[in-house]
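Hi,

Here is the structure I promised to pass on.

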Amino acid sequence: MDIDNMLSVLDNYTLETEEDIALKLAADFRRRRIEKNLTREEMAQTAGIAVSNIVRFEQKGLISLKNLIALSKALGYTSEIKNLFASPKYATMDELTQIRKNTNKKKAYKKS
């Protein structure tokens, strides 16, 4: 296992709060933007959003879902953002059994 894979596994266990995850997402976005040599102004124009939204996102991790989607599309991450919740996630066999049982349901019901 290489060091990047090992660190990514560790990240999954160390990012505990919503703020931590948002800041990590913002840092990754900023890295991808800079790799493509795009200024915030150029990124904002490409995505069709205000520069202030990018500044707030990169500095504080705050962004609306609509603007996050616009930035994702502008950087070519349409597939990744569209498929965020596409596959079921489970940690136990009981969860997998529950997922399989509820696959075709349209509504969740309160447990009794």
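Below is what I found, starting with the whole chain and then going into a few places in it.

Please keep in mind that this is a predicted model. Of its 112 residues, 18% count as buried. The chain exposes about 9300 Å², and carbon and sulfur atoms supply 54% of that area. Looking at contacts between residues at least 6 apart in sequence, 42% join residues at least 24 apart.

Which residues of α2 are buried? They are A22, A26, F29 and R33. These residues cover an arc of only 60 degrees around the axis, which puts them on the same side of α2. As for partners, the buried residues of α2 pack against α3 (40-47), α4 (51-60) and α5. Just after α2, N37 takes a positive phi of about 60 degrees.

Is E58 buried or exposed? Its relative accessibility is 11%, so E58 counts as buried, the cut-off being under 20%. The side chain of E58 makes a polar contact of 2.7 Å with the side chain of R33, and another polar contact, also given as 2.7 Å, links the E58 side chain to that of R40. Leaving out residues up to four places away in sequence, E58 touches A26, F29, R30, R33 and R40. Of these, A26, F29 and R33 are among the buried residues of α2.

The other residue I would point you to is S72, found in helix α5 (residues 65-74). S72 is buried too, with a relative accessible area of 11%. Where does its side chain reach? The S72 side chain comes to 2.8 Å from the backbone oxygen of L68. Beyond its neighbours within four places in sequence, S72 is in contact with Y77, T78 and I81.

Happy to go through any of this with you.

Best wishes

Note on methods: Residues numbered from 1 in each chain as written. Predicted model: local features only at pLDDT ≥ 70, side-chain atom pairs only at ≥ 80, totals over all residues. Heavy atoms only, no water. Helix = DSSP H or I, 4+ residues; strand = E, 2+ residues; numbered from the N terminus. Buried < 20%, exposed > 50% of the residue type's maximum accessible area, 1.4 Å probe, protein only. Polar contact = N/O pair within 3.5 Å; in protein donor to acceptor, adjacent residues only side chain to side chain. Contact = heavy atoms within 4.5 Å. Arc of directions from axis to C-beta. Areas by Shrake-Rupley, 256 points an atom, 1.4 Å probe, with all protein chains shown as cover.
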